[in-house]
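Let's take a walk through a protein chain together, one step at a time. Keep the picture beside you as you read.

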Amino acid sequence: VLTDWARQQGSARVGVGGASLGALAAQLAGVHSAHWPEAWRPDMLGLITFCDQVHQLALRSALSVRTGLSQALTSAGWTPERAARWLHFTDAVGTPVVSPDNIVAVLGTEDEITPYDIAEAQLERWGVPPENRFVSRRGHFSTPIALARNNDPLHRIGTILTR
């Protein structure tokens, strides 16, 4: 609905995005909007420090490990296999409605909250081109902060939205 509203305000192309949990919301919108009216669908996704496998975060994220959540879930019998029936609600399962050329990703190789390897595998599955991947040797929180010094990803988003 907000995408449609932005179009009605004069935006020819509308992107959705965010960092961490905001990126998850953008991914879910990008995948689930295949079933929405066309005017509600985003034209671009901007994803910063993200992961499409929330069920994996419950076990692997440094946040889950350090708070004891992953150990508690494992003790209670939680496994990725048992979580599979809920993935439609929590994970960005499927292919987004936007072209891979219209997805911009900003990742940190040292991210232990949303592990880099999971996000990188997602970008491969989605076919996101190398010129839309901005990777640095940073962590979960320092990656978005670094956009203040290197705004190349933001320029790439601007280029995509204005073509």
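Two residues are in contact when they have heavy atoms within 4.5 Å of each other. With that in mind, take the contacts in the chain between residues at least 6 apart in sequence: 77% of them join residues at least 24 apart. Please remember along the way that this is a predicted model.

Let's begin with the whole chain. How many helices and strands does the chain have? Its secondary structure comes to 10 helices and 4 strands. Reading from the N terminus, the elements follow the order α-β-α-β-α-α-α-α-α-β-α-β-α-α. The C-alpha atoms fill a box of roughly 50 × 35 × 25 Å along the principal axes. A compact globule of 163 residues would have a radius of gyration near 15 Å, and the chain has 16 Å, so the value agrees with that expectation. Of these 163 residues, 45% count as buried. The chain exposes about 8800 Å², and carbon and sulfur atoms supply 58% of that area.

Now let's look at the strands. Strand β1, residues 15-19, runs parallel to β2, and 5 bridges join the two. If you want to find this pairing in the picture, look for glycine 15, which stands opposite methionine 44 in β2. Together, β1, α2 and β2 make a right-handed β-α-β unit.

There is another pair to find. β3 and β4 are paired in the parallel sense over 4 bridges, and leucine 107 stands opposite valine 135 in β4.

Next, let's visit some single residues. Leucine 28 lies in helix α2. Is leucine 28 buried or exposed? Residues under 20% relative accessible area count as buried, and leucine 28 has 18%, so it belongs with the buried ones. Leaving out residues up to four places away in sequence, leucine 28 touches Ser33, Phe89, Thr90, Asp91 and Ala92. As for isoleucine 145, it is 117 residues from leucine 28 in sequence and 24 Å from it in space, C-alpha to C-alpha.

Alanine 39 sits in the loop between α2 (21-32) and β2. Its relative accessibility is 30%, so alanine 39 counts as partly exposed. Apart from residues up to four places away in sequence, alanine 39 touches Thr3, Asp4 and Arg7. Alanine 39 and arginine 85 are 46 residues apart in sequence, and their C-alpha atoms are 30 Å apart in space.

Serine 20 is in the loop between β1 and α2. Its phi is near 60°, a positive value in a residue other than glycine. Serine 20 has a relative accessible area of 26%, which means that it is partly exposed.

Threonine 49 is in the loop between β2 and α3 (54-60). Although threonine 49 is not a glycine, its phi is positive, about 40°. With a relative accessible area of 1%, threonine 49 is buried.

Technical notes. Residues numbered from 1 in each chain as written. Predicted model: local features only at pLDDT ≥ 70, side-chain atom pairs only at ≥ 80, totals over all residues. Heavy atoms only, no water. Buried < 20%, exposed > 50% of the residue type's maximum accessible area, 1.4 Å probe, protein only. Pairing = 2+ DSSP bridges. Rg over C-alpha atoms; globule rule 2.2 N^0.38 Å. Areas by Shrake-Rupley, 256 points an atom, 1.4 Å probe, with all protein chains shown as cover. Right-handed = clockwise from strand over helix to strand, strands pointing away.
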